[in-house]
Amino acid sequence: TLSMEMFERDVQLVLDEYLAGLITEKKLRQEGKVWNNYSDYAPLVNLAKENKQQVIAANVPGRYANMVSRKGLTSLNQLQRKAQHLFAKIKIPEAGYPYLLKFNEAMGAHAHNIGPSVFHAQLLRDVTMAESILKAWRKDKKTKILHLTGRFHSEERLGTVAELKRMKPKLNVTTISCFANDGDLENKKAIADFIILTK
């Protein structure tokens, strides 16, 4: 099973229709809210389609992450009940949470000015993707799930990986990260279980 950050939960129906051969790739691109670099990951989607494999639209709809970053986490409570399957409930971490520290470091000087809502929006993405992966695994515990995501969501087994392990501690999770080979492998070893170096 292929799980993807690049598709949001509210386009699962569109994605399923494409995989079933009911709609064209052009319509998937138009209505599936694909990223600008869709051609980079389209071969994996099409490989799954050819092999009749499931593809999970794992991410929270961007409008909800944006809403949380602007209005705070409690703004999710204002959504209609029928929208609540589109995002996961998050547990707010303590101040010393490693992912929060990493996020603040990445934000640099802006970290103190933005408040917690921007991090909560990031965490909402991670928790929703983790929940999506876990739901797919529970449907078929024999399947291996390949989840594609931006590196920040899985580096050092934080983000989505940490949330997945929090939800199901005994779940076997392996992380892979890719880098252009700049000769600095030593500083990359802690990032993932496997590192792929490209030319």
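Me: The radius of gyration is taken over C-alpha atoms, and the globule rule is 2.2 Å times the number of residues to the power 0.38. How does the radius of gyration of the chain compare with that of a compact globule?

Reply: For 199 residues the rule gives a value near 16 Å, and the chain has 17 Å, so the two agree. Along the principal axes, the C-alpha atoms fill a box of roughly 50 × 50 × 35 Å. This is a predicted model, in which local features need pLDDT of at least 70 and side-chain atom pairs count only at pLDDT 80 or more, while totals for chains, interfaces and linings use all residues. Residues are numbered from 1 along each chain as its sequence is written, and side-chain values use heavy atoms, with hydrogens and water left out.

Me: What makes up the chain, in helices and strands?

Reply: There are 8 helices and 5 strands, counted as DSSP runs (H or I of at least four residues for helices, E of at least two for strands) and numbered from the N terminus. Their order from the N terminus is β-α-α-α-β-α-α-α-α-β-α-β-β. Of the contacts (heavy atoms within 4.5 Å) with a separation of 6 or more, 64% join residues 24 or more positions apart.

Me: Why is α7 called oblique to α8?

Reply: The axes of α7 (residues 116-139) and α8 (residues 160-167) come within 8 Å and cross at roughly 50°. That makes α7 oblique to α8, since angles under 35 degrees count as roughly parallel, over 145 as roughly antiparallel, 65 to 115 as roughly perpendicular and the rest as oblique. The crossing is right-handed.

Me: Which residues of α7 and α8 meet?

Reply: From α7 come L123, D126, V127, M129, A130, E131, I133 and L134, and from α8 come T160, E163, L164, R166 and M167. These divide into 8 nonpolar, 1 polar and 4 charged residues.

Me: Why does K102 count as buried?

Reply: Its relative accessibility is 16%, and buried means under 20%, exposed over 50% and partly exposed in between (1.4 Å probe, protein chains only); therefore K102 is buried. K102 lies in α5 (residues 98-107). Beyond its neighbours within four places in sequence, K102 touches F152, E155, E156 and L158. Across the chain, 44% of the 199 residues are buried.

Me: What is the phi of E156, and what is that of R157?

Reply: Phi is near 55° for E156 and near 60° for R157. Most residues other than glycine have a negative phi. Both E156 and R157 sit in the loop between β3 and α8.

Me: Why does E156 count as partly exposed?

Reply: E156 has 42% relative accessibility, so it counts as partly exposed. R157, at 29%, also counts as partly exposed.

Technical notes
Axes are lines fitted to C-alpha atoms, for helices over the stretch in contact, and angles run from 0 to 180 degrees between N-to-C directions. A crossing is left-handed if the near helix is turned anticlockwise from the far one by less than a right angle, and right-handed if clockwise. Ala, Val, Leu, Ile, Met, Phe, Trp, Tyr, Cys and Pro count as nonpolar, Asp, Glu, Lys and Arg as charged, and the others, Gly among them, as polar.
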